[in-house]
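Let's take a walk through a protein model, one piece at a time. Have the sequence and the 3D view ready.

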Amino acid sequence: TYLGVEFMSTDKGHRGGDVINISSMGGLVPMPYGPAYCASKHGVVGFTRSMKEVLASDGVRVNAICPEFVDTAMVKHNMGDLPSESKEHIADMGLISPEVVAEGMLQLLLQDKSKVGAALMVRPPGKTSYFIFAGEQRRERAKL
């Protein structure tokens, strides 16, 4: 993120741009079977939300994408270690293809230009929605 900002910041004479940090649903909800993974993904989301304020005047938008289980080698390798609830969820809903995650990124880049510091959830079979953080609804109501 910092390197990208160096090459995009309008404060440094560049044209601005977008950064999408890759997190996961584990960055938004507890995962008792993978606390270290969960903590690192929460860190990505917290960093993204914090950078929103830092980059406000730099012409750089920063957001996070948070997919559920993606069809990757890592997920397949760890499938046996997942709790039964996760295995059942995957059996019912399936894995998300990397292409669907890429479509979510394009949504952030091209369609949702007003989003800054947001976390876009990607769920099977490719549904997207934004996570509502505590306090955001109060701020939105206060604007009305």
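## Around G17

Skipping residues up to four places away in sequence, G17 touches M8, G59, V60 and R61, where contact means heavy atoms within 4.5 Å. G17 itself sits in strand β1. Strands (E, at least two residues) and helices (H or I, at least four) are DSSP runs, numbered from the N terminus.

A quick note on what you're looking at: this is a predicted model, where local features need pLDDT of at least 70, side-chain atom pairs count only at pLDDT 80 or more, and totals for chains, interfaces and linings use all residues. Residues are numbered from 1 along each chain as its sequence is written, and side-chain values use heavy atoms, leaving out hydrogens and water.

## The sheet

Which order do the strands take? It's β1-β2-β3-β4, in an open sheet of four strands with mixed pairing; two strands pair if DSSP finds at least two bridges between them. At the edges you'll find β1 (17–22) and β4 (127–130), each pairing on one side only. From one strand to the next, the twist averages 25°.

Now look at β3 (residues 119–123): it runs antiparallel to β4, and four bridges join the two. Along this pair, M121 stands opposite S129 in β4.

## Helices on the sheet

Helix α2 (residues 35–54) lies across β1 and β2 (60–67), running at about 155° to β2. Helix α5 (residues 98–111) packs on the sheet too, touching β1, β2, β3 and β4, and its direction makes about 150° with that of β2. For these angles, axes are lines fitted to C-alpha atoms (for helices, over the stretch in contact), and angles run from 0 to 180 degrees between N-to-C directions.

T48 lies in helix α2. Is T48 buried or exposed? It counts as buried because its relative accessibility is 1%; buried means under 20% relative accessible area, exposed over 50%, and partly exposed in between (1.4 Å probe, protein chains only). The side chains of T48 and N21 are joined by a polar contact of 2.9 Å, that is, a pair of N or O atoms within 3.5 Å, where within protein one must be able to donate a hydrogen and the other to accept it, and residues adjacent in sequence count only if both atoms are side-chain atoms. Leaving aside neighbours within four places in sequence, T48 is in contact with residues including V62, N63 and G117.

## The nonpolar cores

In soluble globular proteins, nonpolar side chains tend to be buried together. Here the largest nonpolar core has 11 residues, among them I20, I65, V100, L108, L120 and Y130. Such a core is a set of buried Ala, Val, Leu, Ile, Met, Phe, Trp, Tyr and Cys residues joined through side-chain atoms within 4.5 Å. Its largest share, three residues, comes from α5.

Beyond four places in sequence, L108 touches several residues, including I20, I65, L120 and Y130. A second, separate core of eight residues includes V45, A64, C66 and F133.

## The cysteines
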